[in-house]
Amino acid sequence: MDRRDLNYVLQNSEITDLKDVYEKIKAEQNIKVMQEPNTQTLLLPVKDPISEGEFYAGEVLVTTTTVEVSGSKGWAMVMDDNPELSMMIAVIDGCFASGLYIDTIKRLFSAADTNICESRNENNQMTNATKVNFELM
C-alpha cells in the first residue's frame, strides 16, 4: 500500500466503510480544515500515440480538500462535485501521514482494492465475450 494510491483506491471503497472510519477519527482526533472542499476543473492531458504529442481532451470536474491531522497534512482530490467524500479521504490521508489508524486504513484499502480488481475482471470478461473470431468466417 502506497500513499500515492490511497486517494484513488479509497474513492472506490464502500461509502459506509469510509464514513465509519471518518467518524471514528473525527471523534478521537483534532482535525484542522486548511482548505474547505472546493470544486474546480482540470484539463485532461492525452498523449497522441502516433505523433507522440500531447493535447487536452477536455475538462474534468473534481473536488479537493486539505486538512491537518496531528500535525500532518492530508489531501484529497475526487471526481465530480462530492465534498463529503473529499473531506473523508483527506482526513484518512492525514491520519495515514501521521501514522495513526494504519491497520484500519490498510483494511479499508485492501477491501477497496479487491473491489476494483473484481470490477476490472468483470469488465474484461464482458469485453472478451464480444470478441469476434474472423478465422471462422
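**Entry 1: helix α3.** I began with α3, which is mostly covered, as 12 of its 16 residues are buried; buried here means under 20% relative accessible area, exposed over 50%, and partly exposed in between, with a 1.4 Å probe and protein chains only. For the element names I rely on DSSP runs, helices being H or I of at least four residues and strands E of at least two, numbered from the N terminus. The model is a predicted one, in which local features need pLDDT of at least 70 and side-chain atom pairs count only at pLDDT 80 or more, while totals for chains, interfaces and linings use all residues. Residues are numbered from 1 along each chain as its sequence is written, and side-chain values use heavy atoms, with hydrogens and water left out.

I listed the buried residues of α3, among them Leu85, Met88, Ile89, Val91, Ile92 and Phe96, and noted that the buried residues of this helix pack against α1, α2, β1, β2, β3 and α4, contact being heavy atoms within 4.5 Å. I then checked the length: at 1.5 Å a residue the 16 residues of α3 should span 22 Å, and the end C-alpha atoms are 23 Å apart, which agrees; the expected span is 1.5 Å times one less than the number of residues. After α3 comes Gly99, with a positive phi near 85 degrees.

**Entry 2: the sheet.** I found three strands in an open sheet, ordered β1-β2-β3 with antiparallel pairing, where two strands pair if DSSP finds at least two bridges between them. Because β1 (31-47) and β3 (72-79) stand at the edges with a single partner strand each, one side of each is left without a neighbour in the sheet. Neighbouring strands are turned by 25 degrees against each other on average, direction ignored; axes are lines fitted to C-alpha atoms, for helices over the stretch in contact, and angles run from 0 to 180 degrees between N-to-C directions. Strand β2 (residues 54-69) pairs with β3 over eight bridges in the antiparallel sense, and I noted Val78 in β3 as the bridge partner of Thr63. Helix α3 (residues 83-98) lies across β1, β2 and β3, at about 145 degrees to β3.

**Entry 3: the core.** Which residues touch the most other members of the largest nonpolar core? Of its 26 residues, they are Leu10, Leu18, Ile25, Ile89, Val91, Ile92 and Ile105; such a core is a set of buried Ala, Val, Leu, Ile, Met, Phe, Trp, Tyr and Cys residues joined through side-chain atoms within 4.5 Å. The elements giving two or more residues to this core are α1 (3-11), α2 (15-28), β2, β3, α3 and α4 (102-128), and the largest share, nine residues, comes from α3. Leaving aside residues up to four places away in sequence, Leu10 touches Leu18, Ile89, Ile92, Leu108 and Phe109.

**Entry 4: backbone.** Ser70, in the loop between β2 and β3, has a positive phi near 50 degrees and is partly exposed at 46% relative accessible area. Asp80, in the loop between β3 and α3, has a positive phi near 70 degrees and is partly exposed at 47%.

**Entry 5: overall.** I counted four helices and three strands, running α-α-β-β-β-α-α from the N terminus. The radius of gyration is 19 Å, well over the 14 Å that the globule rule gives for 137 residues, so the protein is more spread out than a compact globule; the radius is taken over C-alpha atoms, and the rule is 2.2 Å times the number of residues to the power 0.38.
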